[in-house]
Amino acid sequence: MKKIKFLIRCIIRLDYKNMIKIAKKISKKSKKPFLIIFIDMVYCGLTYGAGYYDYQEFEFYLLNKQERKTYLTRTKNNSIISKYNDKKYFDLLDDKVKFNEKFAKYINRDFMVIDGNNFNEFNTFFRTHKSIIAKVIDGEGGHGIEKYNYGRGSNKKRLYNNLIEKKEILIEECISQHKDISSLYPSSVNTLRLFTFCDGKDSFVINRVFKIGNGGVTDNFSSGGMYTFVNEEGEIIVPAIDQEDNVFEVHPITNKKIVGYKIPYFKEACDLVCEASKKIKEVKYIGWDVAIGEEGPIIIEGNSFPGVFQIKPSFKRGMGLIPIYKKYMDI
């Protein structure tokens, strides 16, 4: 009965206009009739919990029945989160101030919170670090994050008040990323998204993604960035894609080759998130964003509701994440 009610809610909430738009796009790309794609899209939603974005991003139109069963969809991902992550502890990850306080050992950067009564402290912090990042404490997808550079002629008090008005009250020193990482794209901090699962005793990295900026100051997918995948040795193994499904063999701005790039301090980054994940055992499945500095990895944030990232079948035909996850989880 719960499943039926859930399906009814999904059907009611569907953005059919966007669904048709995506089906037409896939039809053109795959050279298959629109009606066949649309019907198959509906079938995959009912059978595998694959929404139309899943269908497009993970190229369900290329997969057979057995292959489709191996792909992690957003519906299945939500079930994993519901099973293994206790909502009562989400704020320790999702509230950026609480996160920085709890994981201060791992973030390797100074931070402060402005409250309307600590301008002098803010001004000293700004003058000391020269460049700062201001964040809303519950922002997602790179939204509510801005960078500011210290200048003698700028009005610091006005900036302070504007930050409070915009609720960008978490102030951090800027991360200086590894020069080799900057060579891929220097205008944003390019980060690893490492997925960990903690069974109560041991922690494991079960998926490895690398996010790269593209024209903006953040590397987030929803903010114009791209992502690709990294093997267990820290080497990028497939081209990157963006939200518009564009494929990048080389970075369009820096012309740096993406496939084959080796992430510095990769093993250290995996070890760091595995250690950090044991500090919050009530949330067993976490997506960590990790920057690579000149001296090693730096945790930026943890996500209590990890997204779904899988290699496109057109890049590497085989299986999705489900068989890998089953090695560690009861799903």
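This is a predicted model: local features need pLDDT of at least 70, side-chain atom pairs count only at pLDDT 80 or more; totals for chains, interfaces and linings use all residues.
**Notebook: the open sheet and its surroundings**

Residues are numbered from 1 along each chain as its sequence is written, and side-chain values use heavy atoms, with hydrogens and water left out.

**Entry on the whole protein**

I looked up the secondary structure and noted 14 helices and 11 strands, where helices (H or I, at least four residues) and strands (E, at least two) are DSSP runs numbered from the N terminus. The radius of gyration is 21 Å, close to the 20 Å that the globule rule gives for 331 residues, so the protein is as compact as a globular protein of that length; the radius is taken over C-alpha atoms, and the rule is 2.2 Å times the number of residues to the power 0.38. Along the principal axes, I read a span of about 65 × 45 × 40 Å for the C-alpha trace. I also noted that 49% of the 331 residues count as buried, that is, under 20% relative accessible area, with exposed meaning over 50% and partly exposed in between (1.4 Å probe, protein chains only).

**Entry on the sheet**

Which order do the seven strands of the open sheet follow? I read E9-E8-E7-E6-E5-E10-E11, with antiparallel pairing; two strands pair if DSSP finds at least two bridges between them. Strand E9 (247-248) and strand E11 (296-303) stand at the edges with a single partner strand each, so one side of each is left without a neighbour in the sheet.

**Entry on E6**

I then followed strand E6, residues 203-212, in which Ile212 lies. Nine of its 10 residues are buried, so E6 is largely enclosed by the rest of the structure, and Ile212 itself counts as buried at 0% relative accessibility. Ile212 and Val290 are 78 residues apart in sequence, yet I found them 12 Å apart in space, C-alpha to C-alpha. E6 is joined to strand E7 (residues 226-229) by four bridges, and the two run antiparallel. With strand E5 (residues 191-198), E6 pairs in the antiparallel sense over eight bridges, and I noted Asn207 of E6 as the bridge partner of Phe195. E5 and E6 form a hairpin with four residues between them, and Gly200 in the turn has a positive phi of about 105°.

**Entry on E5**

Eight of the eight residues of E5 are buried.

**Entry on Thr70**

Last, I looked at a loop residue: Thr70 is found between helix H5 (65-69) and helix H6 (74-84). Is Thr70 buried or exposed? Thr70 has a relative accessible area of 14% and is buried. Not counting residues up to four places away in sequence, Thr70 touches Gln310, Met319, Gly320, Leu321, Ile322 and Pro323, where contact means heavy atoms within 4.5 Å. For the protein, residues 24 or more positions apart account for 62% of the contacts with a separation of 6 or more.
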